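Keep the viewer open as you read.

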Amino acid sequence: MQNTFSQETNAMNLIYVKTGYSRLITYLVPLCVVPFIGIIIIMKQASHMKQEDMDQVWLHLQCNLVRVIICCTTIVFGITFYIMRRSRPVYLVDFACYKPPPHLKVPFSKFMLHSTLNGYFNGSSLGFQRKILERSGLGEETHLPQALHSIPSNPSIAAAREEVEQVMFGALDDLFANTNVKPKDIKIVFVNCSLFNPTPSLTAMIVNRYKKGYDVRTYNLGGMGCSAGITAIDLAKDLLQLHGNTYAVVVSTENITQNCYFGNNRAMLIPNCLFRLGGAAILLSNKFSERRRAKYELVHVVRTHNGADDKSFKCVHQVQDAVGKLGVCLSRDLMEVAGEALKANITALGPFVLPMREKLLFLCSFLAKKLFGSEKKAYYVPNFNVVFDHFCIHAGSKAVIGEVERNLKLLPSDVEASRMALHRSGNTSSSSIWYELAYIEAKGKMKRGNRVWQIAFGSGFKCNSAVWKALTHVKPSPNTPWEDCIHRYPVAA
């Protein structure tokens, strides 16, 4: 036991040595290069001076030696401090979306047959689910976990673990294979999954599977809904500002097995019809050497939270129904709440991305509405097409996509990726925006310099935005969910 403790202590000491060495190497270059450049400049200037002038300068330096030393030291350390504190670029090297096996497909007929045979739902509830499916925008090739293919369903914790392992490890294996990055090189790991947070944690499952070292930093985000993926990206970005020359992985998923509702409350039946199996793994880095092959650079992340408003807070709520059945209840106010959250988010994002003309037009409409008090006159909606080339709107439902399309006055082509991701994969929660980005890449539409706006909504109520800039003409990665079917899209949805 003492030997084991001694080995662990030595391992921890080695980690501290590695960390110290890494920071020394990171900051050694600016500390050495800046004074060296200064000396070269001084020598170059001195070579053009006459001997008499040099003698006068030398005499002046001798008389003011202390001042010169203080001044030079201040300049050198000021420049060095700026170099050390400047924002590091964050690159999206690649991402992988989980592609479920064919035997997990649930066409509408199978979904309704299993719902009937399970015996949990009355006739009215079955009819309601059929109507929701027909109007949902989902296609016939979405997937559900193995536990929900059983009759009766088997929502055990073992089955839930099996689902999350299948999704997380499937996406991560593809990501590591596509990028040739070794799992041991990943030093920061985020997993966001709202409704399934077991012990040991989801990140611990990843550490165990890939045998990662003591120095890995792991973070789990729970209960944050479908917007948590962008929250994780934002937090990973902040950590990459602190730790140089580092890889970070974000895994976004949701667990379906233990969160299917087996009751007859209509507001709680809607998620059963919309949510499907899916997940994504995203590789981020601040290594300058990765810029050459990275797909995107992170430009902005804006997060807004309307949780102070009771209606917003309660519009997506995990509750028990009248007979004690657990599920997620969606309020009738959801579309209104989502619209308000979107307005708050674009108000925060606009100043960072909109050109001056759009800002002035919005300001004029705002002042006119305030001064003349016209309730019917709406605020001017900025033209985001002048800023963004592609839009990835959370594929929560056909209604959610339509609401964003109307609020932002987008074209049908702007929301094509969102509608097709909903049709192909269903609502995969926080990973839906990555299925959409994969669709744009599979269609060959992502060109160098293009800007992408990812918009996600989540319980609480939150609206988060991420803006990416394409660093190259992006080609689709191998083994995406669109690989064998992109030729069939777009379809009517």
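First, some housekeeping. This is a predicted model, so local features need pLDDT of at least 70 and side-chain atom pairs count only at pLDDT 80 or more, while totals for chains, interfaces and linings use all residues. Residues are numbered from 1 along each chain as its sequence is written, and side-chain values use heavy atoms, with hydrogens and water left out.

**Charged pairs**

The structure holds 19 salt bridges. A salt bridge here is a side-chain nitrogen of Lys or Arg within 4 Å of a carboxyl oxygen of Asp or Glu. Helices (H or I, at least four residues) and strands (E, at least two) are DSSP runs, numbered from the N terminus.

| Pair | Closest N to O distance |
|---|---|
| Glu141 and Arg424 | 4.0 Å |
| Asp173 and Arg209 | 3.1 Å |

Take the bridge between Glu141 and Arg424, with its closest N and O atoms 4.0 Å apart. The pair links distant parts of the chain, 283 residues apart: Glu141 is in the loop between helix H5 (123–135) and helix H6 (157–179), and Arg424 is in helix H14 (residues 416–425). Arg424 is buried, at a relative accessible area of 7%. For burial, the cut-offs are under 20% relative accessible area for buried, over 50% for exposed, and partly exposed in between (1.4 Å probe, protein chains only).

Glu141 has another partner too: its side chain makes a polar contact with the side chain of Arg488, at 3.4 Å. (A polar contact is a pair of N or O atoms within 3.5 Å; within protein, one must be able to donate a hydrogen and the other to accept it, and residues adjacent in sequence count only if both atoms are side-chain atoms.) Arg488 lies in the segment after strand E11 (462–470), and it counts as partly exposed at 38% relative accessibility.

Next comes the salt bridge of Asp173 with Arg209. Asp173 belongs to helix H6 and Arg209 to helix H7 (residues 202–210), 36 residues apart. Asp173 is partly exposed at 32%, and Arg209 is partly exposed at 39%. Arg209 also has its charged end over the ring of Tyr210, 5.4 Å from the ring centre. That label needs NZ of Lys or CZ of Arg within 6 Å of the ring centre and within 35 degrees of the ring normal.

Salt bridges that share partners join Asp234, Lys237, Asp238 and Arg303 into one network. Asp234 is buried at 10%, whereas Arg303 is partly exposed at 39%.

**Back to helix H14**

How many of the ten residues of H14 are buried? The count is ten of ten, including Arg419, His423 and Arg424. Strand E9 (390–393), helix H13 (398–408) and H15 are among what covers them. Just after H14, Gly426 takes a positive phi of about 80 degrees.

Ser429 has a positive phi of about 60 degrees although it is not a glycine. Ser429 sits in the loop between H14 and H15 and is buried at 1%.

**Rings**

A search of the whole structure finds 15 aromatic pairs. Rings of Phe, Tyr and Trp (its six-membered ring) pair if their centres lie within 6.5 Å; planes under 30 degrees apart count as stacked, over 60 as edge-to-face and the rest as tilted. Trp434 and Trp468 are an edge-to-face pair, 6.1 Å centre to centre with 65 degrees between the planes. Trp434 is in helix H15 (residues 432–442) and Trp468 in strand E11, so the pair ties together parts that are 34 residues apart in sequence. Both Trp434 and Trp468 are buried.

Most peptide bonds are trans. The bond from Ile151 to Pro152 is cis, with omega near 0 degrees, and Pro152 is in the loop between H5 and H6. Another cis peptide bond joins Gly460 and Phe461, with omega about 15 degrees.

Conventions
Contact = heavy atoms within 4.5 Å.
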